Amino acid sequence: MNKVAFIGAGNMARAIIIGLVNSGVTPSDIIVSNPSEPKRLALAEEFGVLQTSDNTKAATFADIIVLSVKPHFISDVCQHLAQQCDISSKLFVSVAAGRTVEQIQTALLCNAPVVRVMPNTPSQLGLGMSGLFASPEVNDEHKAASAKLMSAVGKIIWLDEERKINDIIAVAGSAPAYFFLFMEAMETQAKLLGFSDEDSRMLVQQTALGAAQMVAHNDVPISTLRNNVTSKGGTTHAAIEQFKADGIEKMVANAMNAAINRAEEKAK
């Protein structure tokens, strides 16, 4: 694995670092730069990675620079790096939502190879789903390195168009919250049915976990799994028909399209 610098020490940087170290990457090949000393020191002490407050030092050290700062800091960070160090041989991997390849390259003052990544929060458990888009300057070696980086925290797919990043936001990036909302509604109803707070939580989370594992471990359409649980005229059938009558398909489509539209607005 090439040497990697993380500019920013937030939750996603931490998740990727954990994944890399657990997959066998040498901690001394990883450096974290962050203005907040406690965050970077915590990563250094827990995982043995290097740390610094100097973005230039981190970028000079690394072959791959992971931009994991908040989106509104991206331009300033990239401009500073371009002015302070030689970035001609660096690969930039951005996990910042809403910042296009063009915007990043403009800030870098050159057409550097850039891979945009849209991960999701289950990456913190190594169960993430990420979409990756490569700029034309990204070669096969860069793609392999980027794939290894993000595969350390879950599954990945490559996108052939940058605009598909916004679709990934709707299908995976924002999607954990959809499931959380559904689980919240079920938990609330379980409590109204008389179950304790603890039992309501356990009933919902274990059922959701089991359902997800059944999808992951059965190579059949999800609709088949649903039908296998749904006896004609039975209790599950009654619940499913009520969902359909209340318009669940349209509700989900509208919500996902709203996420895409908002992502497109933010990119502008």
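Numbering starts from 1 along each chain as its sequence is written. Since the model is predicted, local features need pLDDT of at least 70 and side-chain atom pairs count only at pLDDT 80 or more, while totals for chains, interfaces and linings use all residues, and side-chain values use heavy atoms, with hydrogens and water left out.

Let's begin with the two residues. Helices here are DSSP runs of H or I, at least four residues, numbered from the N terminus.

What does Q105 touch, leaving aside its neighbours within four places in sequence? Its contacts (heavy atoms within 4.5 Å) are C110, N111, A112, V114, S135 and E137. As for A258, its C-alpha atom is 33 Å from that of T235, 23 residues apart along the chain.

Now for the helix pair. Helix α7 (residues 164-173) packs on α12 at about 140°, with the axes 8 Å apart; axes are lines fitted to C-alpha atoms over the stretch in contact, and angles run from 0 to 180 degrees between N-to-C directions. That makes the two helices oblique, the class left after roughly parallel (under 35 degrees), roughly antiparallel (over 145) and roughly perpendicular (65 to 115). From α7 come N166, D167, I169, A170 and V171, which meet M256, A259, I260, A263 and E264 of α12.
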